[in-house]
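Please look over the sequence and the 3D structure below. The briefing that follows goes through the points topic by topic.

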Amino acid sequence: MSDRSLRGMRLGAQSMETESGVEPAPRQRVEYRCEDGERVFVTFAAEADIPPVWISKTGKEALLVDGEKPDTSNDKPVRTHWDMLLERRSIEELEQILQDRLTLLRERRGERTSA
């Protein structure tokens, strides 16, 4: 008869302990807002450092409500490929290289060059 006492029980899949007397860790709910007005709520631990910017589920950047704006003044300006190219070559050199490459391409295709 004792074998039947566990019948229908999911052993190992379910804890036999109860949650009575267990207190969850203190938390805080923080609100962020996107530029278009979308509100994002995030729950953090009470002692956690709150980031000033959060990326919402839609991929937009949301700023902390009643928080300071993040300081972006020390960010370097973005260097594009064009900027790096201009550091190595002048416009005249680039125009000459372009004409040389176009001439070579036209010769490969069998086109006449008018130069």
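Val 53 stands opposite Leu 63 in β4. This is a predicted model, in which local features need pLDDT of at least 70 and side-chain atom pairs count only at pLDDT 80 or more, while totals for chains, interfaces and linings use all residues. Residues are numbered from 1 along each chain as its sequence is written, and side-chain values use heavy atoms, with hydrogens and water left out.

**Confidence**

- The protein chain has an average pLDDT of 85, where pLDDT is the predictor's confidence in each residue, from 0 to 100.
- A score of at least 70 is reached by 83% of the residues.
- Confidence is highest in helix α2 (residues 91–109), at 95, and lowest in β4, at a mean of 91.
- Helices (H or I, at least four residues) and strands (E, at least two) are DSSP runs, numbered from the N terminus.
- Where pLDDT is low, the predicted coordinates should not be read in detail.

**The sheet**

- Four strands make up an open sheet in the order β2-β1-β4-β3, with antiparallel pairing.
- The edge strands, β2 and β3, each pair on one side only.
- On average, neighbouring strands of this sheet are turned by 40 degrees against each other, direction ignored; the axes behind such angles are lines fitted to C-alpha atoms, for helices over the stretch in contact, and angles run from 0 to 180 degrees between N-to-C directions.
- Two strands pair if DSSP finds at least two bridges between them.
- Strands of a sheet pair through backbone hydrogen bonds, either parallel or antiparallel.

**Partners of β4**

- β1 and strand β4 (residues 61–64) run antiparallel and are joined by three bridges.
- Arg 33 has Leu 63 in β4 as its bridge partner, and Cys 34 has Ala 62 in β4.
- Strand β3 (residues 53–55) is also antiparallel to β4, and three bridges join the two.
- The hairpin of β3 and β4 has five residues between the strands, and in this hairpin Gly 59 takes a positive phi near 90 degrees.

**Aromatic rings**

- Rings of Phe, Tyr and Trp (its six-membered ring) pair if their centres lie within 6.5 Å; planes under 30 degrees apart count as stacked, over 60 as edge-to-face and the rest as tilted.
- The count by this rule is two aromatic pairs.
- Phe 44 and Trp 54 form an edge-to-face pair, at 5.6 Å centre to centre and with 90 degrees between the planes.
- Phe 44 lies in strand β2 (residues 39–45) and Trp 54 in strand β3, so the pair ties together parts that are 10 residues apart in sequence.
- Tyr 32, Phe 44 and Trp 54 form one aromatic cluster.
- Phe 44 is buried, at 13% relative accessible area, whereas Trp 54 is partly exposed, at 30%; buried means under 20% relative accessible area, exposed over 50%, partly exposed in between (1.4 Å probe, protein chains only).

**Charged side chains**

- The charged end of Arg 29 sits over the ring of Phe 41, 4.1 Å from its centre (the rule asks for NZ of Lys or CZ of Arg within 6 Å of the ring centre and within 35 degrees of the ring normal).
- Glu 31 is found in strand β1 and counts as buried, because its relative accessibility is 18%.
- The side chains of Glu 31 and Arg 33 are joined by a polar contact of 2.6 Å.
- A polar contact is a pair of N or O atoms within 3.5 Å; within protein, one must be able to donate a hydrogen and the other to accept it, and residues adjacent in sequence count only if both atoms are side-chain atoms.
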